[in-house]
Amino acid sequence: MELRRRDYHVERPLLNQKQLEELGRWSSVTGTHQWRTWLQCSHARARALLLQYLPVLAWLPRYPVRDWLLGDLLSGLSVAIMQLPQGTFAVMSVMVGSVTESLAPDEDFLQDLNSTVNETARDAARVQLASALSVLVGLFQVGLGLVHFGFVVTYLSEPLVHGYTTAASVQVFISQLKYVFGLQLSSRSGPLSIIYTLLEVCWKLPQSVVGTMVTALVAGVVLVVVKLLNDKLQQHLPLPIPGELLTLIGATGISYGVGLKHRFGVDVVGDIPAGLIPPVAPNSQLFAKLVGNAFAIAVVGFAIAISLGKIFALRHGYRVDSNQELVALGLSNLIGGVFQCFPVSCSMSRSLVQESTGGNTQVAGAVSSLFILIIIVKLGELFQDLPKAVLAAAIIVNLKGMLMQFTDICSLWKANRMDLLIWLVTFVATILLNLDLGLAAAVAFSLLLVVFRTQLPHYSILGQVPDTDIYRDVAEYSEAREVPGVKVFRSSATVYFANAELYSDTLKQKCGIDVDRLISRKKKLLKKKELKLKRLLKEEKLQRQAAASKGTSVSINANTSIRDIESNNMEGSKAKVSAGKELEDTAASGQEDAKAPDGSTLKALGLPQPDFHSLVLDLGALSFVDTVCLKSLKNIFRDFREIEVEVYMAACHTPVVTQLEAGHFFDASITKQHLFASVHDAVVFALQHPRSGPVSPVSVTQL
C-alpha cells in the first residue's frame with residue numbers, strides 16, 4: 001500500500017520523566033490478586049468452569065450433523081481398524097516395555113526343572129506393572145494440569161515443535177519397517193535405539209518375506225492412488241473416499257480368501273482377546289519403583305500430544321488449551337490403568353489418518369472408541385486375517401504430511417537461520433537421544449539460544465533523519481546524520497547481568513574515544529599536581545624552620561656584625577617570597593579545583609577532549625532491569641562525567657522506571673530530569689544545555 005506524503009505539525013514542550021508524570025498524572029497501578037478471582041462464586045463463574053473442564057458441552061449442541069457426521073463416522077471406523085494390532089504410539093509402547101522388562105526380567109520367572117520361563121506368571125507381573133504405571137502417569141498428568149503446568153508449552157517454539165514431530169515421524173517410520181519386510185527385530189529403548197533398530201533392519205534385509213513386501217507395496221500404491229483421486233476430485237466429491245477403511249476391509253477379505261499367512265508367510269493380526277477385563281485397583285507398593293519412569297513418560301506423552309495439537313491447530317485455525325489436554329490425557333491413563341491398560345498418548349499416524357479421512361471433531365474419536373469396544377467384545381475374530389503389512393503401509397503413507405516438514409529446512413535457511421538451528425538441534429537430539437531426553441535437550445538449547453542472543457544484541461549509534469524527530473542507525477540509514485555534539489546510543493535487547501558489561505564496553509567503543517584510558521591519564525595528572533603541592537608545602541615548612549633557626553643564632557652570636565645580619569635577613573626574605581609565591585599559585589589552583597574546577601578540566605591538563613558534550617542512552621528496548629544493570633548505568637554516568645560529557649536517558653517504559661525507583665537509582669546526581677520521554681526530547685535539551693566542564697552534584701539537579 002502506497003502512502004501519500006502528508007506533513008503534520010506537533011508543538012509541545014520538552015518533557016523529562018518528572019514533567020511527564022506531572023502532565024499525565026501518573027500513579028502506580030494496584031495489582032489484582034489472582035486468588036481472589038479463583039474464589040469468586042457466581043453463576044457466570046460456575047458456568048465458565050464447567051465449560052472449561054467439559055468443553056464438549058460447548059461445541060456438541062452446535063455440532064453441524066449434516067456437514068460433519070458422515071466424515072467423522074468414516075474417519076472413526078478407519079482409525080478403529082488401524083488401532084487393532086498395535087499400541088497407540090510406538091515410542092511410548094517401547095518406553096513402557098523397557099520399564100516392565102527391567103522390573104520383571106525373564107530371569108525372575110525361570111522354572112526349576114528345565115530352566116524355562118514361566119510366561120504366564122511373567123506376563124501377569126508385567127501387566128500389573130504396566131497398569132500401575134498407567135495410573136501413576138495419569139495422576140501426574142492430572143495433577144500437572146490442575147496446577148497449570150501447561151505453561152511450559154510457551155517454551156515450545158514452532159521450529160522446535162516441527163523438528164520434534166519430524167523426528168518422531170522418522171521413529172514411527174523406522175518402527176514400521178519390520179512389518180513391511182516381515183522381520184523379527186529386538187526390542188530396544190533409550191539413546192541411539194532408533195539407530196540400532198535401523199542398522200538391524202539393514203542387516204536382516206536378506207531375511208525379508210517377499211509376500212509381506214508385495215502386500216505392503218500393493219496396499220501403499222492403492223492408498224496413494226486414492227489420495228491422489230481425492231485431491232483431484234475434491235470439488236466434485238461430497239466426502240473424501242475412505243481409502244484406509246476400504247483398503248483394510250479389502251485386505252482382510254483377500255487375506256482370508258487367498259490364505260496369505262499359510263501360503264506366503266504374511267504376518268497377520270491373529271487372535272484378538274474377546275471381552276473386557278474387570279477393573280482392578282493398582283498395586284500401590286509398585287509406585288516407589290515406578291515414580292521416576294512415570295514422570296518421564298507423563299512428560300513425553302504430553303509433549304507428543306501438545307506438539308501434534310499445535311500443528312493441527314495452526315492448520316485449521318483454532319487454539320489448544322494445554323492444561324485441558326493434560327487433564328484429559330491424565331484421566332484417560334488413570335481410568336485405563338484401572339482396567340489394566342498401559343500408558344498412552346495421541347498417535348501421530350492415526351491422527352493424520354483421522355484428518356485425511358474427513359474427521360472434524362471428537363465425534364470421530366468417539367466412533368473409533370465405540371467400534372473398538374464392539375470389536376473387543378464381539379467382532380474381534382473378523383479381523384484376525386488382517387495383514388500387519390497393510391497397517392504399516394497405511395501408517396507410512398499417512399506420515400507424508402509430517403515428513404514433508406523437512407522442507408522447513410529450506411524455508412528457514414532463507415527466513416531465519418537461528419530458527420533453523422533450533423529445528424536441526426531438536427531433530428538430531430530427538431533421533432539420537434529418544435523422545436524424552438531429546439525434548440529436554442531441545443528445550444534447554446532453545447532457552448540457551450535466547451540467552452545467547454540477548455548477550456550479543458545489535459548496538460548502534462543513532463542519527464536524526466532529516467526534518468523529523470526520528471532517529472535511526474547511521475550505519476543502516478545513509479541519510480541519518482549524527483547531531484553535532486550529541487551521541488545517541490541504542491541496544492536492541494534489554495540490559496541485564498548477562499550483557500551489562502558488554503553494553504558498557506560497546507558504548508565506549510562506539511563513542512570513538514578510549515574513556516577508561518582518558519580517565520586514567522586524568523587521574524595520574526591530578527595526582528601528580530597533588531604531589532607537587534605537597535612537596536611545595538613541605539619545602540615552605542623547611543624554609544620557615546631554617547629561617548627561625550638563623551634568627552636564633554643572630555641573638556646568640558654577639559660577634560656577628562650588623563651588616564651580616566641584615567644581609568642574611570635579606571636573602572632569607574627573598575627566598576621566602578620566591579617560595580611563597582609559587583606555593584600560593586599552586587594553592588590557589590588547588591582551591592579553584594575544589595570550587596570551580598577549571599584547573600582539573602581536560603583542556604587545562606592538556607588532554608584530548610571528546611568531540612561531543614552529551615550522551616543520550618535510548619532505553620526503549622529495556623523490558624526490565626536488575627541490580628547489575630543499575631550499577632552499570634550508574635558507572636556510565638560516573639565515567640562520562642569524568643571526561644566532561646553529560647549523560648541523559650530516553651524512552652523508558654513505565655514498568656522500567658518503577659524498577660529504577662525501587663532500585664534507588666535516582667539520587668542527588670541522577671534525577672528524573674535526566675530521563676526524557678523520547679530521544680528527540682533528550683537531544684534538544686542537550687543542545688540547549690551544552691556542558692562546558694565538570695559540574696558539581698548540586699548544579700546537576702538544577703537542570
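**Reading the cavity**

Reply: Start with the lining of the largest cavity: helix H3 (43–53) and helix H15 (322–338) each supply at least two of its residues. Helices (H or I, at least four residues) and strands (E, at least two) are DSSP runs, numbered from the N terminus. This is a predicted model: local features need pLDDT of at least 70, side-chain atom pairs count only at pLDDT 80 or more, and totals for chains, interfaces and linings use all residues. Residues are numbered from 1 along each chain as its sequence is written, and side-chain values use heavy atoms, with hydrogens and water left out.

Me: What counts as a cavity, and how many of 30 Å³ or more does the structure hold?

Reply: On a 1 Å grid over the protein atoms alone, a cavity is a set of points where a 1.4 Å probe fits but cannot get out; lining residues have an atom within 4 Å of a point. Grid points are joined across faces, edges and corners, and a volume is the space filled by probe spheres set on the points. Here there is one cavity of 30 Å³ or more. The largest cavity has about 40 Å³ of space.

Me: Which residues line the largest cavity?

Reply: Gln52, Tyr53, Gly145, His148, Asp321, Asn323, Gln324 and Val327. H15 gives the largest share, three residues. By type, the lining has two nonpolar, five polar and one charged. Ala, Val, Leu, Ile, Met, Phe, Trp, Tyr, Cys and Pro count as nonpolar, Asp, Glu, Lys and Arg as charged, and the others, Gly among them, as polar.

Me: Which residues are buried in helix H17?

Reply: Buried means under 20% relative accessible area (1.4 Å probe, protein chains only). An α-helix has 3.6 residues a turn, so residues three or four places apart point the same way. In H17 (residues 362–379), the buried residues are Val363, Ala364, Val367, Ser368, Phe371, Ile372 and Ile375. Their cover includes helix H4 (56–59), helix H5 (65–83) and helix H16 (348–356).

Me: How many bridges join strand S3 to strands S1 and S4?

Reply: Two strands pair if DSSP finds at least two bridges between them. Four bridges join S1 (residues 459–464) to S3, and these run antiparallel. Ser460 stands opposite Arg490 in S3. Five bridges join S3 to S4 (residues 614–618), and that pair runs parallel. Phe489 has Leu617 in S4 as its bridge partner. S3 (residues 486–491) is mostly covered, with five of its six residues buried.

Me: What does the secondary structure of the chain come to?

Reply: 28 helices and six strands. Of the 703 residues in the chain, 40% are buried.

Notes: Buried < 20%, exposed > 50% of the residue type's maximum accessible area, 1.4 Å probe, protein only. 1 Å grid on protein atoms, 1.4 Å probe; cavity = no way out; pocket = protein on both sides within 12 Å on 5 of 7 lines; lining within 4 Å. Contact = heavy atoms within 4.5 Å.
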